[in-house]
Amino acid sequence: MQRHLSEFFTKEIKEKSGLINIDGSNDPLITGLEFDSRKIKPGYLFFALPGIHTDGNLYINDAIKRGALAVVYENEIKEKQSGIVYIKVKNSRFSMSPVSASFYNFPSLDLLVTGVTGTEGKSTTVFFIWQLLTLLGKKAGFISTVQYCIGSEIIWNSEHQTTPEAPVIQRLLREMADNGCEYAVLESSSHGLSPRTNRLGDVNFCSGVLTNLTHEHLEFHGTWEQYRDDKANLFRALDRWTPSIASEKNKLFSGPFGVVNADDKNSQFFINNTHHKTFTFSPEGREGDIVLETIESSSLGNWYTVLLPALNERIDVRDQLPGAFNAANVLASLLVVSGLLKLPLRVITPFVKDLEPVKGRMTAINKGQPFEVVVDYAHTPSSFQKIFPPLRTRLDKTESRIISVFGSAGERDTKKRPEQGEIASEYSDIVILTDEDPRCEDSMDILEEIAKGVKQKREENLFLIPDRPLAIRKALSIAQKGDLVLLLGKGHENSIIYADHVVPYDEITETEKALSELGFTEQK
């Protein structure tokens, strides 16, 4: 896409982006938007962003050398080059959203967009909604921490960022619309919903989902109240929904709606933050528009009965998903698709059996070893509380051990570290602490903080091994017949981030390699 600056940097966008001044009278033909100077191509507009470790102003000249014709900035620039348009704004990061939406001609107006927020279950719920829409014959795209799809093939997300920056979001939405998608499903993180980043500030959401809400990301939000409030911006956005080309085409859609987990103590807060109808699901068998009454789980999936109180109707549901916790994600997805397509739930539930799990979510690795190996993305205290208890109950029946391997991300919420250690310690026989993404923190410092919550004795059943491949090998080497080796925190991710370098890494591949080194090569 290419557009003259004056075409998309209109009076309205100038106001929304917090314009202070424009230096330059020419009207360049802009061919793309970018906030990373290394990715600039001829004709691009460059956003100079102030950051934690550096300042985007330092890279303005580099961006111009690479072909940038316009620069959006907030901190004063000492020297300016002729022929370049310099756009000074109050907040260059905030401005990326309205400018990007305008450049890509407001793509969310061409789609019916659903946002999914919460502490856990976002990626899975996004993936389930997308699959159900597709199974029902609708063309849809999605963006999640794990993958994204703009209308055809699924592409792995190489970034450790749940919600991409606004230029990426708007570009992908435009590609979805141009590829004929009717629907888009976006994983909506608290960072992405915060006005501090404004990544999702100009997305026209028609439905919003809350999976659950627990302690997370206070290093960014500062307080629990602010974290919750930023999440609720998704539901406030429903009240700003604009009838669009997509809604005009889709006569089945009757207006915005929310979906919340009725069992979460914060559900009413989210319901109160929109004037639109909010549907509820209850995975704990309490009250809601759809209630999980019974569930039976095995390695082959789950069988459950759900109640629709308003209809006094019960529906049997079957899935082939690992982990009983997936029932909550399924219930949320059913309500969203029913609301989007105005289809009765009983029409949609038969398709649940065809849902596929997300890579790195309770993924079993079997190379013929006499013990279990499972990879999962769980990295918060609340996610630990979800996965550990049922596994402990199952392993106790055979008097087998749980060997857990995990770490905690650097430059992220530190309060959760000893909490992670305490929960893992309660349910594990052996705990091995290792790197997740240390970033600019010292690896051993992070592991020591986690270890404060662990009761196991060091060098007997507690080991601190920063090198993750070595930690995995340690776990596998001490595993005995019937044990479970539980590898947590990396899941689908494809790298480990350190202060000065990024190491390519895939947990599943690394574990398969380690098992092969131990002589296990055949899947049974």
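The buried residues of helix α16 pack against α15 (381–396), β21 (402–406), β22 (430–433) and α17 (443–451); buried means under 20% relative accessible area, exposed over 50% and partly exposed in between, with a 1.4 Å probe and protein chains only. This is a predicted model, in which local features need pLDDT of at least 70, side-chain atom pairs count only at pLDDT 80 or more, and totals for chains, interfaces and linings use all residues. Residues are numbered from 1 along each chain as its sequence is written, and side-chain values use heavy atoms, with hydrogens and water left out.

Among the buried residues of α16 are Lys416, Arg417, Gln420 and Tyr427. Helices (H or I, at least four residues) and strands (E, at least two) are DSSP runs, numbered from the N terminus.

Let's turn to a pair of helices. Helix α5 (residues 122–135) and helix α13 (residues 326–341) pack at an angle of about 45°, with their axes 9 Å apart. That makes α5 oblique to α13, since angles under 35 degrees count as roughly parallel, over 145 as roughly antiparallel, 65 to 115 as roughly perpendicular and the rest as oblique. The contact (heavy atoms within 4.5 Å) involves residues including Phe128 and Leu132 of α5 and Val330 and Leu340 of α13.

Our last stop is Thr294, which lies in strand β16 (residues 290–298). With a relative accessibility of 45%, Thr294 counts as partly exposed. Apart from neighbours within four places in sequence, Thr294 is in contact with Trp303, Tyr304 and Thr305.

Methods:
Axes are lines fitted to C-alpha atoms, for helices over the stretch in contact, and angles run from 0 to 180 degrees between N-to-C directions.
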